[in-house]
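Let's go through this protein by asking where each label comes from. Keep the picture open while you read.

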Amino acid sequence: MEWIPYLYLSLIVPAVKKKARPFSAGAVLAFALTYPLGAERYALMALSVLILALGYPYENQPVKFWERFVNAVIGGTGLAIALGLYNLGSIEAVLGVAVPFLLLRNRVISSFGLLPASALYLIGAYQVSEKVKLALFALVYVYSLNHLRKLLR
């Protein structure tokens, strides 16, 4: 399972398109906090903020109601996991900062929270098997690709 965080790195490429920069910033942040790194972690977190800032201001691309509902479920669960990680004193709780972006009405900006949420599902501070965590990660990761497809149009 050590190779899984590398899946996030493949999603940095869409940063070439301005609308997809928040998504790519989320990918960098997710990788920085799921892969065991030393001081490089902070450089990657700074890169994530830089990529997010590079595209500002972002165009408004509305999110459908069903997507916002799913985002709210993903985000709420992600925040609960982040709170659990915070209580355990884990640095991965920082991912919870990006998750509320999922609740915004603008798809471009809300995409920033998707990959950190999938990273939280992968790390998980809850007592379930690794297979369940991996399945939840995969589900959110694949769902995020739907957002990416719409951003790249």
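**Asking how we know**

Q: Which residues does Tyr 8 touch, not counting residues up to four places away in sequence?
A: Tyr 8 touches Ala 27, Ala 30, Phe 31, Thr 34, Leu 115, Ser 118, Ala 119, Phe 137 and Tyr 141. Contact here means heavy atoms within 4.5 Å. Keep in mind that this is a predicted model.

Q: What tells you how confident the predictor is in the protein?
A: The pLDDT, which runs from 0 to 100. The protein averages 87, and 99% of the residues score at least 70. Confidence is lowest in helix H1 (residues 6-9), with a mean of 78, and highest in helix H4 (residues 65-87), at 91.

Q: Why is Tyr 8 called buried?
A: Tyr 8 sits in helix H1. Its relative accessible area is 0%, and buried means under 20%, so Tyr 8 gets the label buried.

Q: How far apart are Tyr 8 and Leu 115, in sequence and in space?
A: They are 107 residues apart in sequence, yet their C-alpha atoms are 7.7 Å apart in space. Leu 115 is also one of the residues that Tyr 8 touches.

Q: What makes Thr 34 buried or exposed?
A: Its relative accessible area does. Thr 34, which lies in helix H2 (residues 21-34), comes in at 17%. The cut-off for buried is under 20%, so Thr 34 counts as buried. Leaving aside neighbours within four places in sequence, Thr 34 is in contact with Pro 5, Tyr 8, Ala 119 and Ile 123.

Q: How do you know that the side chain of Thr 34 has a polar atom by the backbone oxygen of Ala 30?
A: Look at the distance: the two atoms are 2.8 Å apart. A polar contact needs a pair of N or O atoms within 3.5 Å, and 2.8 Å falls within that limit.

**Helices side by side**

Q: Which residues of H2 and H3 meet?
A: From H2 come Arg 21, Pro 22, Ser 24, Ala 25, Val 28, Leu 29, Phe 31, Ala 32 and Leu 33. From H3 come Arg 41, Leu 44, Met 45, Leu 47, Ser 48, Ile 51, Leu 52 and Leu 54. By class, this contact of H2 with H3 has 13 nonpolar, 2 polar and 2 charged residues.

Q: What makes H6 and H7 roughly antiparallel?
A: Helix H6 (residues 114-123) and helix H7 (residues 130-151) pack at about 170°, with axes 7 Å apart. That angle is over 145 degrees, so H6 is roughly antiparallel to H7. The residues of their contact divide into 11 nonpolar, 3 polar and 1 charged.

Q: How do you know that H6 is mostly covered?
A: In H6, 9 of its 10 residues are buried. The buried ones are Leu 114, Leu 115, Pro 116, Ala 117, Ser 118, Ala 119, Leu 120, Tyr 121 and Leu 122. What covers them includes H1, H2, H4, helix H5 (107-110) and H7.

Q: Why is Lys 133 called buried?
A: Lys 133 is in helix H7. Its relative accessible area is 8%, which is under 20%, so the label is buried. Not counting residues up to four places away in sequence, Lys 133 touches Tyr 121, Leu 122, Ile 123, Gly 124, Tyr 126 and Val 128.

Q: What makes Gln 61 buried?
A: Gln 61 is found in the loop between helix H3 (40-54) and H4. With a relative accessible area of 14%, under the 20% cut-off, Gln 61 is buried. Among the residues it touches are Lys 19, Arg 105 and Lys 150.

Q: Why does Ala 93 count as buried?
A: Ala 93 has its place in the loop between H4 and H5. Its relative accessibility is 14%, and the cut-off is under 20%, so Ala 93 counts as buried. Leaving aside neighbours within four places in sequence, Ala 93 is in contact with Ala 82, Leu 85 and Tyr 86.

Technical notes:
Residues are numbered from 1 along each chain as its sequence is written. This is a predicted model: local features need pLDDT of at least 70, side-chain atom pairs count only at pLDDT 80 or more; totals for chains, interfaces and linings use all residues. Side-chain values use heavy atoms; hydrogens and water are left out. Helices (H or I, at least four residues) and strands (E, at least two) are DSSP runs, numbered from the N terminus. Buried means under 20% relative accessible area, exposed over 50%, partly exposed in between (1.4 Å probe, protein chains only). A polar contact is a pair of N or O atoms within 3.5 Å; within protein, one must be able to donate a hydrogen and the other to accept it, and residues adjacent in sequence count only if both atoms are side-chain atoms. Axes are lines fitted to C-alpha atoms, for helices over the stretch in contact, and angles run from 0 to 180 degrees between N-to-C directions. Angles under 35 degrees count as roughly parallel, over 145 as roughly antiparallel, 65 to 115 as roughly perpendicular and the rest as oblique. Ala, Val, Leu, Ile, Met, Phe, Trp, Tyr, Cys and Pro count as nonpolar, Asp, Glu, Lys and Arg as charged, and the others, Gly among them, as polar.
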